[in-house]
Amino acid sequence: MDAFFRTHTYLVEHTNAPVRRSLMDEIDWSHRLIGIKGTRGVGKTTFLLQYAKENFAADDTRCLYVNMNNLYFQGRGFADFAGEFSRRGGKVLLIDQVFKHPDWSHELRRCYDRYPGLKIVFTGSSVMRLKDENPELGGIVKSYNLRGFSFREYLNLQTGNNFPAYSLDDILNNHEHIVKRILPMASPARHFQNYLHHGFYPFFLEHRNFSENLLKNMNMTTEVDILLIKQIELKYLTRIKKLFYMLSVDGPKAPNISNLAKEIDTSRATVMNYIKYLADARLINIIYPQGQTFPKKPAKVMMHNSNLMYAIYPIKAEKQAVMETFFVNTMWKDHKVNEAGKDECYIIDGKRKFRVCDADNTKIRYNDDTTYVRYNTEVGKGNQLPLWLLGFLY
């Protein structure tokens, strides 16, 4: 136990989160069992350590961070470890990568039932379905998703500002005034393309090749998260990877399920399951017409964020596709996104019609029933607003 405390102290002392994530204030920390899900690379470990740093001194033994990668936990549960920590006066146990333990859901339930004075905050893959596939945790776990940087967070980091987030209603009703408050302090156009290329994942701050690091993360997500959590045999890994690549280079459009099934030598039903797993892993987004959902065929499949597009196949990263991917990704956190029946158009929350378009396109006929989110501009008017501003939704 003392060795774990020493590691905890070192990690907390050396944690320096460049951006304080807004999720820190959205979580109800009064819950005893809190799950933080997110794809690889979005900063879940830093998030846990930042929580510890904000609420406890580095050497305060009431809080302890442990990682399930530690070989100590191989072949033994962590509930007994949690019990010893609790008996020593421990109050908050931070468990990183909980899904690496084969019996993680049962062990969490044991902790919850046996140690009522102990709070557990754990991280896991976005592939995990905490409640749907783990009835032991139903009703006792509070689950949250940690996303990559928003454009707002990236812009604050790059410019030293502290711009607030805005709701969609705020942006729609007041975007001209909001932009006037931002532009004197920063030029979004100077930073927007860099964000689209490498700003979503916090590890762009590390002194490593960003694209290579992102490719490594994508491979780890398929090789470890999807196979391990969904209990898929290793021999099927190449099929999943090939499917992901084919979807990525096709760009945002309706997939041809029959052709994909033929290409990876499997059934249509299996292709649909693999697409769902890739979506759960936050590698792709699947868009349906209103009133439809999985296992129906999607109306459109696109990458989860634009950084993935540039890392996988940069010469295929067409501008319109990149901008639509940004739009869907930033809407995805708090809003329902459906296909609207026309290229470049989406229905948000079942009622609002949006079109992603180029401000330099003089052939567009603007209609009152549509909100036009335009790139290649920093400003907007009326029902035409700058696309970058939707990056301020969180």
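Two strands are said to pair if DSSP finds at least two bridges between them. In this structure, which is a predicted model, that idea applies to strand β3 (residues 92–96) and strand β4 (residues 119–125), which pair in the parallel sense over 4 bridges. Within this pairing, L93 stands opposite I120 in β4.

## The parallel sheet

Strands β3 and β4 belong to an open sheet of 5 strands, arranged in the order β2-β3-β4-β1-β5 with parallel pairing. At the edges stand β2 (63–67) and β5 (142–145), and because each has a single partner strand, one side of each is left without a neighbour in the sheet. Neighbouring strands of this sheet are turned against each other by 20° on average, if direction is ignored. In a regular strand the side chains alternate between the two faces of the sheet.

Which strands does helix α5 lie across? Helix α5 (residues 104–114) lies across β1 (33–38), β3 and β4, and the helix runs at about 165° to β4.

## Strand β6 and its partners

Is strand β6 largely enclosed or left open by the rest of the structure? Of the 6 residues of strand β6 (residues 284–289), 5 are buried, so the strand is largely enclosed by the rest of the structure. Strand β6 is joined to strand β7 (residues 300–303) by 4 bridges, and these two strands run antiparallel; here K300 in β7 is the bridge partner of I287. Strand β6 is also joined by 2 bridges to strand β8 (residues 337–339), this time in a parallel run, and N338 in β8 is the bridge partner of Y288.

Helix α8 (residues 188–198) has as its buried residues P188, H191, F192, Y195, L196 and H198. An α-helix has 3.6 residues a turn, so residues three or four places apart point the same way. What covers the buried residues of α8 includes α6 (151–159), α7 (168–182), α9 (210–230), α13 (306–312) and α14 (319–332). Two of the buried residues of α8, F192 and Y195, also take part in a cluster in which ring pairs link F149, F151, Y154, F163, F192, Y195, F204, F326, W388 and F392.

## Aromatic pairs

A pair of aromatic rings is described by the distance of the centres and the angle of the planes. The structure holds 27 aromatic pairs, and two of them are set out in the table below.

| Ring pair | Distance of centres | Angle of planes | Kind |
|---|---|---|---|
| F5 and F85 | 6.2 Å | 50° | tilted |
| F327 and Y346 | 5.5 Å | 40° | tilted |

F5 lies in helix α1 (residues 2–13) and F85 in helix α4 (residues 79–87), so this pair ties together parts that are 80 residues apart in sequence. Both F5 and F85 are buried. In the other pair, F327 lies in helix α14 and Y346 in strand β9 (residues 345–348), so parts that are 19 residues apart in sequence are tied together. F327 is buried, with a relative accessible area of 0%, and Y346 likewise counts as buried at 0% relative accessibility.

Charged side chains are also found over ring faces. R76 lies over the face of Y72, at 4.1 Å from the ring centre, while K276 lies over the face of F294, at 5.9 Å from the ring centre.

A disulfide is a covalent bond between the sulfur atoms of two cysteines. How many disulfides does a search of the whole structure find? The search finds 0 disulfides. C63 is in no disulfide, and the nearest cysteine sulfur, which belongs to C111, is 15 Å away. C63 is buried, with a relative accessible area of 0%.

Why is the sulfur of C357 too far from the closest cysteine sulfur for a bond? The closest cysteine sulfur, in C345, is 8.8 Å away from that of C357, whereas a disulfide needs the two sulfur atoms to be within 2.5 Å. C357 is buried as well, with a relative accessible area of 1%.

## A residue in helix α12

T270 lies in helix α12 (residues 268–280). At 22% relative accessibility T270 counts as partly exposed, because buried means under 20% and exposed means over 50%. T270 and I240 are 30 residues apart in sequence, and their C-alpha atoms are 10.0 Å apart in space.

Notes: Residues numbered from 1 in each chain as written. Predicted model: local features only at pLDDT ≥ 70, side-chain atom pairs only at ≥ 80, totals over all residues. Heavy atoms only, no water. Buried < 20%, exposed > 50% of the residue type's maximum accessible area, 1.4 Å probe, protein only. Axes fitted to C-alpha atoms, helices over the stretch in contact; angles between N-to-C directions. Contact = heavy atoms within 4.5 Å. Phe/Tyr/Trp six-rings, centres within 6.5 Å; stacked < 30°, edge-to-face > 60°. Lys NZ or Arg CZ within 6 Å of the ring centre and 35° of its normal.
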